[in-house]
Amino acid sequence: MSTSGPLLFGVPLKYVSLIVLTVQNSMLVLVMHYSRIVSDVRYFTSTAVLLSELTKLFVCLYLCARESKAESGRLNMRQVYTDVFGGDSWKMLIPAGLYTIQNNLQYVAVSLLDAATFQVTYQLKILTTALCSVLLLSTSLGTMRWVSLCALTLGIILVQLPASPSAGTVVSGGASSKLMGLVSVLTACMLSGLAGVYFEKVLKGSRKSVWTRNVQLSLFSLPPALFGVLVVDGAGVSSLGFFSGYTRWTIAAISLQAFGGLLVAVVVKYADNILKGFATSISIVLSCLVSVWLFDFHITKPFVLGTGLVVYATYMYGKYSSPSPPAKAASALPMSSNTRPTDEYADSDADTANSESVPLSDLVVSGSPRPASKQH
């Protein structure tokens with residue numbers, strides 16, 4: 001890629017965003033895991049998901065209003081309201097609900113699995129998104145991308161092989177807890193893939209801005225997130241309080257999750273799939289290394305081999321993704337992530353983040369860059 005483009009402190013924005021994404025991907029899983037074990041009193045994960053969605057909603061509303069003002073010269077809240085609730089906005093209810101369930105499952109999984117295992121296993125969202133894309137959108141992946149998906153699957157299987165008795169620690173709770181954690185992360189991966197592809201199918205060719213779509217997703221995620229607080233943890237919240245068990249690490253986890261979904265759009269807008277896959281691969285390695293130091297995680301030979309295959313597959317999948325179309329009039333193409341994601345769309349994501357991002361849904365932006373916009 002050309003080094004031309006927006007600069008931040010004299011450095012191309014694409015490289016700055018990739019460095020930040022690498023750090024954020026690595027830190028998110030580690031901080032989420034640590035926030036669940038640092039205190040004897042565990043916070044209610046449904047409240048964390050709700051606060052994360054509220055944070056993203058307020059940030060995206062601000063950016064959406066700022067974008068509207070930049071285009072028309074004045075702030076037109078009526079137009080913002082029409083953009084958010086008009087047209088096909090109701091279709092965002094489905095991916096918003098799926099992403100909310102996925103985010104809750106991420107917290108469950110990261111509580112039951114060690115951070116390194118979760119980080120590697122969660123890359124299975126690449127496979128689920130690709131399969132959903134093939135089945136629902138008739139996408140053609142190509143030979144090398146199928147090879148990378150096979151390598152990814154094999155790598156994750158190797159990571160799950162039980163350690164020898166002398167290998168040391170396993171997450172407290174034994175085999176049953178690990179099994180429940182694996183079921184949670186696998187379900188989250190499937191939801192990530194389905195939501196990401198559905199999101200793509202609905203929004204492909206849409207002329208609504210990326211910020212409007214982010215507002216819709218965050219806004220429509222609030223009802224299912226609030227439902228989780230009231231129904232799943234209602235009794236505990238009523239007796240112990242909404243913020244029971246909260247520590248500074250809880251706030252950090254919520255902030256990183258909200259920030260990750262906004263960040264991915266900037267990365268994909270100013271960088272490309274190869275660099276994004278490279279950043280994701282580095283974050284996997286960093287998470288595993290830090291887990292050894294921070295959580296006394298014991299690395300086994302199958303884990304090293306499996307992680308190597310996952311890193312290779314993640315990079316190669318991005319490398320052989322379809323090239324981005326040339327810049328045209330503004331349009332937004334979604335992708336699923338880790339965070340939502342998010343997590344993360346078949347051609348671009350490894351959720352994400354996640355993202356799962358995880359996390360807010362990852363959004364691929366093609367088109368002329370919006371002024372004064374940065375994207376969680």
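What pLDDT does the chain average, and what percentage of the residues score at least 70? In this predicted model, the chain averages a pLDDT of 75, and 73% of the residues score at least 70.

| Stretch | pLDDT | Contacts in the model |
|---|---|---|
| Residues 164–172 | below 50 | ten, beyond near neighbours in sequence |
| Residues 323–376 | under 50 | 317, beyond four places in sequence |

Side chains of opposite charge can pair when their charged atoms come close. The model has one salt bridge by the rule used here. Lys56 pairs with Glu53, and their closest N and O atoms are 3.1 Å apart. Both residues belong to helix H2 (residues 45–72), where three residues, about one turn of the helix, separate Lys56 from Glu53. Lys56 has a relative accessible area of 0%, so Lys56 is buried. Glu53 also counts as buried, because its relative accessibility is 0%.

**Helices H6 and H7**

How do helix H6 (residues 125–137) and helix H7 (residues 143–159) lie, and at what angle do their axes cross? The axes come within 10 Å and cross at roughly 140°. The two helices, H6 and H7, are therefore oblique to each other. The crossing of H6 past H7 is left-handed. On the H6 side, the contact is made by Ile126, Leu127, Ala130, Leu131 and Val134. H7 contributes Trp146, Leu149, Leu152 and Thr153.

Definitions and conventions:
Residues are numbered from 1 along each chain as its sequence is written. This is a predicted model: local features need pLDDT of at least 70, side-chain atom pairs count only at pLDDT 80 or more; totals for chains, interfaces and linings use all residues. Side-chain values use heavy atoms; hydrogens and water are left out. pLDDT is the predictor's confidence in each residue, from 0 to 100. Contact means heavy atoms within 4.5 Å. A salt bridge is a side-chain nitrogen of Lys or Arg within 4 Å of a carboxyl oxygen of Asp or Glu. Helices (H or I, at least four residues) and strands (E, at least two) are DSSP runs, numbered from the N terminus. Buried means under 20% relative accessible area, exposed over 50%, partly exposed in between (1.4 Å probe, protein chains only). Axes are lines fitted to C-alpha atoms, for helices over the stretch in contact, and angles run from 0 to 180 degrees between N-to-C directions. Angles under 35 degrees count as roughly parallel, over 145 as roughly antiparallel, 65 to 115 as roughly perpendicular and the rest as oblique. A crossing is left-handed if the near helix is turned anticlockwise from the far one by less than a right angle, and right-handed if clockwise.
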